[in-house]
Amino acid sequence: MTQPTRRQAFEARQRNRATLIAAASTGAVLLALVTLIPLAPGWEAVKRSFFNAEVFTKTFPGLLQAFLMDIAIFAWCAPLIAALGLIVALMRDIRSPALYPLRLLAILYTDIFRGLPVILVIYLIGFGIPGLGLPRPWNSPYLWGSLALIVVYAAYVAEVIRSGIESIHQSQRAAALSLGLSQSDTMRFVILPQALRRVVPANMNLFVALQKDVALLSFIGPVEIFRQAGVYKSLMANFTPYVGAALIFLAITIPATRYADHLMNRQQKARS
């Protein structure tokens, strides 16, 4: 078995020392929180209102059932966002003067929908389009709320993909063209595969944010987990259902976020 070098042994000791210090400081902070928070004058009232075990047990199954609607909305929005974002990113990369109107349209699209708050777009689309008096199912808040999420998040995804495209060195584009590939084939076979691999971690973070923002659709009618928690809160005069909803979101978003960080770290190691 190969013996570690002095440098490797030193670095291992430094890592172990850093880990011990981090664990000790984290433990001290947690101990302080556990000790001091219950000493606050209003802790008992907060505990009854937000951490009621009986209310949690009664409402948690219903919250899980409502969360299925969040998952369904996310499931049909995510691929549409990815497709629209890719199309807009490709429009931003158009270099033909004759097709400049398409590039201008993509620029306006990303500027507008990245500049508007998500909740405002949800209100404008979710209440505005059904207000035209459309027949069922075209007046569904699920349909137009989903469209609002799609157009907003596609603008962000488009910019992330465009940054990936621009990160590919121009020499690769020139080399592909010199081999006889057309502009479209160069983008399809040379630039885009590399660009998409580079932006996977950033887009993962966007889709984690999308999973959370699905809850904003509750403001225009869909009964998903946030709205269901509000119903339970009104029925039981207790805020514990909101804590239950928060735990469900965290159970999904924290692993997804850690996976995105893992992808980003692996990508950085591959470049170094």
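A crossing of two helices is right-handed if the near helix is turned clockwise from the far one by less than a right angle. In this predicted model, the crossing of α5 and α6 is right-handed. The contact between the two involves Val118, Val121, Ile122, Ile125 and Gly126 on the α5 side, and Trp144, Leu147, Ala148, Leu149, Val151 and Val152 on the α6 side.

**Two helix pairs**

Two packed helices are described by the angle between their axes and the distance between the axes. The table gives these values for two pairs.

| Pair | Residues | Angle between axes | Distance between axes |
|---|---|---|---|
| α3 and α4 | 53-92 and 100-115 | about 125 degrees | 7 Å |
| α5 and α6 | 118-128 and 141-167 | about 140 degrees | 8 Å |

Angles over 145 degrees count as roughly antiparallel and those from 65 to 115 as roughly perpendicular. At about 125 degrees, α3 and α4 are therefore oblique to each other. At about 140 degrees, α5 and α6 are likewise oblique.

The handedness of the α3 and α4 pair is given separately: α3 passes α4 in a left-handed crossing. From α3, the residues that meet α4 are Leu84, Val88, Met91 and Arg92. Their partners in α4 are Leu102, Arg103, Leu105, Ala106, Ile107, Tyr109 and Thr110.

**Along helix α3**

Helix α3 also has features of its own. At its start, a side-chain oxygen of asparagine 52 comes to within 3.0 Å of the backbone nitrogen of glutamate 54. Further along, at threonine 59, the helix has a kink of about 40 degrees. This kink lies shortly before proline 61.

**Alanine 176 and threonine 186**

Alanine 176 belongs to helix α7, which covers residues 170-178. Threonine 186 belongs to helix α8, which covers residues 183-198.

Are these residues buried or exposed? Buried means a relative accessible area under 20%. Alanine 176 has a relative accessible area of 5%, so alanine 176 is buried. Threonine 186, at 0% relative accessibility, counts as buried too.

Residues up to four places away in sequence are left out of the contacts that follow. Alanine 176 touches Leu181, Thr186 and Val190. Threonine 186 is in contact with Arg173, Ala176, Leu177, Leu181 and Ile191.

How far apart in space are alanine 176 and methionine 187? Their C-alpha atoms are 9.3 Å apart, and the two residues are 11 residues apart in sequence.

Notes
Residues are numbered from 1 along each chain as its sequence is written. This is a predicted model: local features need pLDDT of at least 70, side-chain atom pairs count only at pLDDT 80 or more; totals for chains, interfaces and linings use all residues. Side-chain values use heavy atoms; hydrogens and water are left out. Helices (H or I, at least four residues) and strands (E, at least two) are DSSP runs, numbered from the N terminus. Buried means under 20% relative accessible area, exposed over 50%, partly exposed in between (1.4 Å probe, protein chains only). Contact means heavy atoms within 4.5 Å. The bend at a residue is the angle between axes fitted to the seven residues ending there and the seven starting there. A polar contact is a pair of N or O atoms within 3.5 Å; within protein, one must be able to donate a hydrogen and the other to accept it, and residues adjacent in sequence count only if both atoms are side-chain atoms. Axes are lines fitted to C-alpha atoms, for helices over the stretch in contact, and angles run from 0 to 180 degrees between N-to-C directions. Angles under 35 degrees count as roughly parallel, over 145 as roughly antiparallel, 65 to 115 as roughly perpendicular and the rest as oblique.
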